[in-house]
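Visitor: I would like to go through this structure with you. Could we begin with the terms and then take the chains in turn?

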Amino acid sequence: MAAPTMDRPTSAAPAAVQTLTIAKALNNGLRASMEANPKVIVMGEDVGKLGGVFRITDGLQKDFGEQRVLDTPLAESGIIGTAVGLAIRGYRPVCEIQFDGFIFPGFDQIVSQVAKLHFRTQGRLKVPMVIRVPFGGGIGAVEHHSESPESYFAHTAGLKVVSCSNPADAYWMIQQAIDCDDPVLFFEPKRRYYEKGEVDTTAAPGPLFSSRTLRTGSDVTLVTYGPMVRTSLDAAAAAEEEGRSLEVIDLRTLSPLDLAPVFESVRRTGRLVVVTEAPSESSISSEIAAKVQQECFYSLQAPVLRVTGFDTPYPPSKLEEEFLPDLDRVLHAVDRSLAW
Amino acid sequence: MSSPEEWTHPGPDAAPATAAKPTAEQVIAGLRATDEGGADLVQLLTPEGERVQHPDFDIDITAEELRGLYRDMVLVRRVDREANALQRKGELGIWVPLLGQEAAQIGAGRALRPEDMAFPSYREHGIAWTRGVKPTDLLGIFRGTDNGTWDPVEHRFHPYTIVIGNQVLNATGYAMGQKFDGKVGDADGEATICFFGDGATSQGDVHEGFVWAAVYDAPLVFFCQNNQWAISEPTERQSRLPLYQRARGYGFPGIRVDGNDVLATLAVTRWALEECRQGNGPILIEAFTYRMDAHTTSDDPSRYRLSDELELWKLKDPIERVKVHLVKQQWADQEFFDSIEAEADRIAVELRDYCVNLPDPPAGRIFSEVYAEGNPVLEAQRDEFLAYHAGFAGGEH
């Protein structure tokens, strides 16, 4: 896999290191890609004049025009299906799905066309498009606005699936996803949109399809991604006060999985807890558990444990704090692992 | 000609469709329109081979051009019949016959320019022919050796799309791209044509394609071959209204053409593509035709339709009427017809030879070109499988 080239102009970034929210970092990243490549277009519901319901595309239509930032009719299959045609024509569409639970009208186009055209044509057609999905709960929303559908897409051959967890990754990963010749599902942790962090706009922190160890530790390994990265880091900090050393790995890429750092870590700690908002059955967390037991069988001191959303529909928002994994549930799993 | 109202008016027998529930007369009028084509059907060559005039559409056709259209239709019918026979002999897993739809496809296909783009469903063997795709290149899909081997960029002919209606949105996006590229607005402009059937008109993707193409003024001809049957379901199971009249609701013209009349189909499609090049797209064409054979070789039409219907449509055969006209005009003699038959025989032999000698793909094909930039997880799976597979080849198992 060739490393994406990241020779971006820095006109949108006056200072080399800025403190940005994830939302603003995504906006700046989109802007940088649009400046670098006139074939990059943004399309979706309310992404133009309004700047998107989360303002991720704020100001882009004003600066790049209505032909590069398309306020589309309200139909997700239409957004994805026309983006396929535009991609074949030579464009690099970045589609916004307004909320996670609204991606399903576009599921057919994603699975049947986006994912398979390259294989079907033996590489004669590429579909270089990005589908941005604000995902996950914790924002007190009504039904269909808090889901974590990433496993459906990681299960589908032909797609690549990533999730950012911090502003620096948001800024760089969106550009790297746009540069990728494969279709990329880009999951954004919507409840973390307004968390701030430092972004170095001069250099990408690493290739897109790589996981990253955010905190080293020796007792238990936590593997997570997206909105649960913050939760897991908080849990590790709390555990440290109790004298427990947790390693935290941000997967960043869900398909393909980059599990080499996870295997390396588990061989040292002997214990793994996987933390996701998504329900557990037949999921990314299942896949990690299966791969780790296969690769680290003799290193494991305890079974792989999972802290996840429950195998239920996402509940009414007054119950979401019960549904969502939090610091206490993560630490409870750490305790169980250590006590095994 | 440019006003949508002119092209979407209801037939003379139709009562105003204002009531929430249609009257019995409206239903009967709709069914009659579906059975007979209705008063709005554009026809230039009758089933008896008589040239007739149409106030809005006409075409200057030379003897040579008409002989060419005849040749196209005879050859694609022969390809179709030969492939059907290959399936019966077990050489193909399945075949999707185009029998009866030769005029609709050759008329539409020959209206295209090389720089135009075409998006087929999976029955468009005649369109493939007009795009320069070799008939042998269609076989792998149905033999199970590949998913289509032609280059969609070189031929400007998209891969066959099997999920009903998906390609309509893909075509719409492509046509939007033609417009964004500044290739629309004069006689040298580009256009896209998208093929789908009467059954597909019930799909959400087709509705969304109509919406998108309309609001973005896409240079797109929606070409619906209404062959009356979606496997076992007649068109009235898809629509209360004649399909071409749907265009009005989306704000663009809809025209019903005799899909068994190659001249009318050519004339209407040429006009529609020209409108699109000029920036007046999109346009819906409903080619009123008939699926003379089964949906696929796995289907049994005797379970759901009367043979009387087939016999009736045989009298409207798309090829026979051109042959009659060529003879009447003394534009072709027996030597010409014999030469086309001989050419068809040669193509049939080539098709058979190619088909039975088509090798099975190597096992590694399963893993090839799933991704443009690779995937290390998949590559590990491939390597493990190929090592396992090689064990058999070495006689160890």
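Guide: Two residues are in contact if their C-beta atoms, placed from the backbone, lie within 7 Å. This is a predicted model, in which local features need pLDDT of at least 70 and side-chain atom pairs count only at pLDDT 80 or more, while totals for chains, interfaces and linings use all residues. Residues are numbered from 1 along each chain as its sequence is written, and chains are lettered from A and ligands numbered from 1 in the order in which they are written.

Visitor: Which residues does A:Arg267 touch?

Guide: Not counting residues up to four places away in sequence, A:Arg267 touches A:Cys296 and A:Ser299. A:Arg267 is found in helix 9 (residues 260–269) of chain A. Helices (H or I, at least four residues) and strands (E, at least two) are DSSP runs, numbered from the N terminus.

Visitor: Why is A:Arg267 classed as partly exposed?

Guide: A:Arg267 is partly exposed because 15 other C-beta atoms lie within 10 Å. A residue is buried if 20 or more other C-beta atoms lie within 10 Å of its own, exposed if 12 or fewer, and partly exposed in between; the C-beta atoms are placed from the backbone.

Visitor: What separates the C-alpha atoms of A:Arg267 and A:Tyr171?

Guide: Those C-alpha atoms are separated by 32 Å, and the two residues are 96 residues apart along the chain.

Visitor: How is chain A divided?

Guide: Chain A has domain 1 (18–200) and domain 2 (212–339); the bounds come from an automatic or database domain assignment. The C-alpha centres of domain 1 of chain A and domain 2 of chain A lie 26 Å apart. Their contact takes 24 residues from domain 1 of chain A and 19 residues from domain 2 of chain A.

Visitor: Which elements supply the domain 1 side?

Guide: Helix 6 (150–154), strand 6 (160–163) and strand 7 (184–189) of chain A each supply at least two residues of the side of domain 1 that touches domain 2. The largest share, four residues, comes from strand 6 of chain A. By class, that side of domain 1 of chain A has eight nonpolar, nine polar and seven charged residues. Here Ala, Val, Leu, Ile, Met, Phe, Trp, Tyr, Cys and Pro count as nonpolar, Asp, Glu, Lys and Arg as charged, and the others, Gly among them, as polar.

Visitor: Strand 7 of chain A, then: is it mostly covered or uncovered?

Guide: Strand 7 of chain A is mostly covered, as six of its six residues are buried. A:Val184, A:Phe186 and A:Glu188 point one way, and A:Leu185, A:Phe187 and A:Pro189 point the other way.

Visitor: Which strands pair with strand 7 of chain A?

Guide: Two strands pair if DSSP finds at least two bridges between them. Strand 5 (residues 130–135) of chain A pairs with strand 7 of chain A in the parallel sense over six bridges, and A:Val133 stands opposite A:Phe187. Strand 6 of chain A also runs parallel to strand 7 of chain A, joined to it by four bridges, with A:Lys160 opposite A:Val184.

Visitor: Changing topic, how many residues does each chain bring to the contact between chains A and B?

Guide: The contact takes 37 residues from chain A and 33 residues from chain B. Helix 3 of chain A gives the most to the chain A side, with ten residues. That side has 15 nonpolar, 15 polar and seven charged residues.

Visitor: And what does chain B contain?

Guide: Chain B has 15 helices and seven strands, and 48% of its 397 residues count as buried.

Visitor: Where does strand 2 of chain B pair?

Guide: Strand 2 (residues 192–197) of chain B has six of its six residues buried. Strand 1 (residues 117–119) of chain B pairs with strand 2 of chain B in the parallel sense over three bridges, and B:Phe119 stands opposite B:Cys194. Strand 3 (residues 220–226) of chain B pairs with strand 2 of chain B in the parallel sense over six bridges, and B:Phe222 is the bridge partner of B:Cys194 there.
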